[in-house]
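This report describes the cores and strand pairings of one protein structure. The sequence and the model are shown first.

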Amino acid sequence: IVSLQALDPILVNFTLPEQRLAQVQVGTGVRASTDALPGQTFEGEIIAIEPEVDTGTRNFRLQARLPNPERSLRPGNFLRVRFAVGEPTPVVVVPQTAIAYASFGNSVYVIAEGEDGGLRARQRFVRTGPTRGDLVAILEGLEAGERVASSGLLKLRNDAGVVVSEGNEPRAEANPRPVNR
C-alpha cells in the first residue's frame, strides 16, 4: 500500500488567526515560498475555507491550490504563505523601547520645547496596535512627526528636562536580523 499524492497542482493547507477571517475569501490570491527552493515563489489561490474556528487555538484552516508544473514542491514541504489584505494604510510607528507599558495604560513621553525654551518631556497615553519587529503601531494618542523618548523612560516624569543624545537611538527595524554569534 502506498500513499497517492497529486503534485500538479499541489494543495496547501494552512491556518490563520480568527482576526483575519473577514480579510480572506475563496479566490483570494496567495504567494508561497520555501527555504528548500530559495528565490522561487509559487502563486495560486484560496479554494476552501473551513467554516469552524478551532476553539483551542482560535485559528481557522484554509486550503490553496498552487500550480506546480515542474513538480518542485512536494507534500510535506514547509511553506510561507502570503496574501494581500487590502491597500497599505499609513500608520504612526515608534520603537518598542519608547512605550511605557503599564496596567493602567500604555504611554510615551513626547519631547517638545518648554516655556523656558528647553526640551521637556510630557507623558501621553496611547493606544498601541500591531507590532512588527522592533516597531509598534500607535493607533491613537500620537501624531506623525512628534518626537518621543526611546530610552531612559524610568527616569522621566512630566515636564522633566530632556537632553537629546544623537547617535544612541535604538534600532527600529520592521524585520530585525540580529547577528548570531
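Leaving aside neighbours within four places in sequence, Leu66 is in contact (heavy atoms within 4.5 Å) with Pro9, Ile10, Val12, Val30, Ala32, Phe42, Glu43, Gly44, Leu73 and Leu79. The model is predicted: local features need pLDDT of at least 70 and side-chain atom pairs count only at pLDDT 80 or more, while totals for chains, interfaces and linings use all residues. Residues are numbered from 1 along each chain as its sequence is written, and side-chain values use heavy atoms, with hydrogens and water left out.

Leu66 is among the residues with the most contacts inside the largest nonpolar core, which has 18 residues. Such a core is a set of buried Ala, Val, Leu, Ile, Met, Phe, Trp, Tyr and Cys residues joined through side-chain atoms within 4.5 Å; buried means under 20% relative accessible area (1.4 Å probe, protein chains only). Two or more residues of this core come from each of β1 (10-17), β2 (29-33), β3 (41-49) and β4 (59-66). Strands are DSSP runs (E, at least two residues), numbered from the N terminus. Another core, of eleven residues, lies apart and includes Val94, Val110, Val136 and Leu142.

Strands pair if DSSP finds at least two bridges between them.

| Strands | Bridges | Opposite residues |
|---|---|---|
| β6 (residues 92-95) and β10 (residues 135-140) | Four bridges | Val94 and Val136 |

β9 and β10 form a hairpin with two residues between them, and Gly133 in the turn has a positive phi of about 65°. An open antiparallel sheet of four strands has the order β11-β7-β8-β12. Its edge strands, β11 (147-148) and β12 (160-161), each have a single partner strand, so one side of each has no neighbour in the sheet.

Methods: Buried < 20%, exposed > 50% of the residue type's maximum accessible area, 1.4 Å probe, protein only.
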